Amino acid sequence: LDSNNTVSFENGLGIWSQDTNDDFDWTFASGSTASSGTGPSNAFEGNYYLYVESSGNYLATSSLIIECVNLNNFNNPVFEMAYHMYGATIGTLDVDISTDSGYTWTNVWTLSGDQGDIWNQTSISLSSYSGEISIRLRATTGSSFTSDIAVDLLQIKDSLLSYGCTDSLATNYNSNATTDDGSCIYPVLGCT
């Protein structure tokens with residue numbers, strides 16, 4: 001990770017690594033993937049991205065892992081990424097967390113199916129974890145060549161969002177909240 005805890009694959013994997021126990025490896029790309037009707041036509045940021053090439057790798061899994069992420073350096077840690085899941089037989093993209101050296105993985109985010117020919121972004125809260133964790137990004141291809149899954153701009157950072165009641169007229173108003181979470185409670189006004 002660089003000083004911003006960001007990897008956008010312009011200079012390789014950074015401190016992410018391919019999982020050697022998987023069916024096949026992620027592939028670096030610039031421009032379109034080799035298969036028509038699937039995959040992005042360019043990177044989300046910069047020139048390069050990673051993707052799983054589904055041609056010949058049907059119903060197979062490929063993972064990226066980052067180990068020993070120290071969350072004590074963050075106030076409200078999140079894992080953010082851009083993903084591209086376009087094609088008729090898109091499989092599944094998962095994010096898993098492990099808090100032990102034996103890699104007992106817990107799934108914290110999953111998405112399946114065609115999401116359109118666009119880059120999307122997600123932000124996954126890590127605030128329920130502390131100390132060191134490992135993160136696994138796991139792609140499982142679909143049943144044909146039209147299931148390429150791509151990722152770009154992987155980041156571990158402090159979230160600027162703080163959820164709570166943002167309405168100053170509510171009894172549980174939170175002046176530190178930046179995003180309303182729908183929890184506002186209002187006083188009951190009666191007749192006098």
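Is Cys68 buried or exposed? Select Cys68 and show its surface: at 53% relative accessibility, Cys68 counts as exposed. Here buried means under 20% relative accessible area, exposed means over 50%, and partly exposed lies in between, with a 1.4 Å probe and protein chains only.

Before moving on, a word about what is on your screen. This is a predicted model, in which local features need pLDDT of at least 70, side-chain atom pairs count only at pLDDT 80 or more, and totals for chains, interfaces and linings use all residues. Residues are numbered from 1 along each chain as its sequence is written, and side-chain values use heavy atoms, leaving out hydrogens and water.

**Stop 1: the whole chain**

Zoom out and switch to a cartoon view. You will find zero helices and 13 strands in the protein chain; helices (H or I, at least four residues) and strands (E, at least two) are DSSP runs, numbered from the N terminus. The C-alpha trace spans about 75 × 35 × 30 Å along its principal axes. Of the 192 residues, 45% count as buried. The accessible surface comes to about 9,700 Å², and 46% of that belongs to carbon and sulfur atoms; such areas come from the Shrake-Rupley method with a 1.4 Å probe, and for residues only the protein chains shown count as cover.

**Stop 2: an open sheet**

Now colour strands S2, S5, S10, S7 and S8. They form an open sheet of five strands in the order S2-S5-S10-S7-S8, with antiparallel pairing. Two strands pair if DSSP finds at least two bridges between them. S2 (17-18) and S8 stand at the edges with a single partner strand each, so one side of each is left without a neighbour in the sheet. Look next at S7 and S8, which pair in the antiparallel sense over seven bridges. Thr92 stands opposite Ser112 in S8.

At strand S5 (residues 61-70), pick Thr61. With 19% relative accessibility, Thr61 counts as buried. Show its side chain together with that of Thr140: a polar contact of 3.3 Å joins the two. A polar contact is a pair of N or O atoms within 3.5 Å; within protein, one must be able to donate a hydrogen and the other to accept it, and residues adjacent in sequence count only if both atoms are side-chain atoms.

**Stop 3: strands S6 and S9**

Select S6 (residues 77-85) and S9, which pair in the antiparallel sense over six bridges. Which residue of S9 is the bridge partner of Phe79? Ile124 is that partner. In a regular strand the side chains alternate between the two faces of the sheet. On S9 (residues 120-125), Asn120, Thr122 and Ile124 make up the covered face, while Gln121, Ser123 and Ser125 make up the uncovered one.

**Stop 4**

Keep Phe79 selected and show what surrounds it. Leaving aside neighbours within four places in sequence, Phe79 is in contact (heavy atoms within 4.5 Å) with residues including Trp16, Val95, Ile135 and Leu154. Phe79 is one of the residues with the most contacts inside the largest nonpolar core, which has 35 residues. A nonpolar core is a set of buried Ala, Val, Leu, Ile, Met, Phe, Trp, Tyr and Cys residues joined through side-chain atoms within 4.5 Å. Apart from this core lies another, of seven residues, among them Ala29, Ala43, Tyr49 and Tyr51.

Centre on Tyr49, found in strand S4 (residues 49-52). Tyr49 counts as buried, at 0% relative accessibility. A polar atom of its side chain lies 2.7 Å from the backbone oxygen of Gly31.

**Stop 5: a loop glycine**

Go to Gly37, in the loop between S3 (27-29) and S4. Gly37 is partly exposed, with a relative accessible area of 44%. Leaving aside neighbours within four places in sequence, Gly37 is in contact with Tyr86, Gly87 and Thr146.

**Stop 6: the disulfide**

Finally, show Cys165 and Cys184. A disulfide joins them, S to S 2.0 Å; the rule is a pair of cysteine sulfur atoms within 2.5 Å. Cys165 is in the loop between S12 (163-164) and S13 (179-180), and Cys184 is in the segment after S13, 19 residues apart. Both Cys165 and Cys184 are buried. The torsion about their S-S bond is about 105°, so the disulfide is right-handed.
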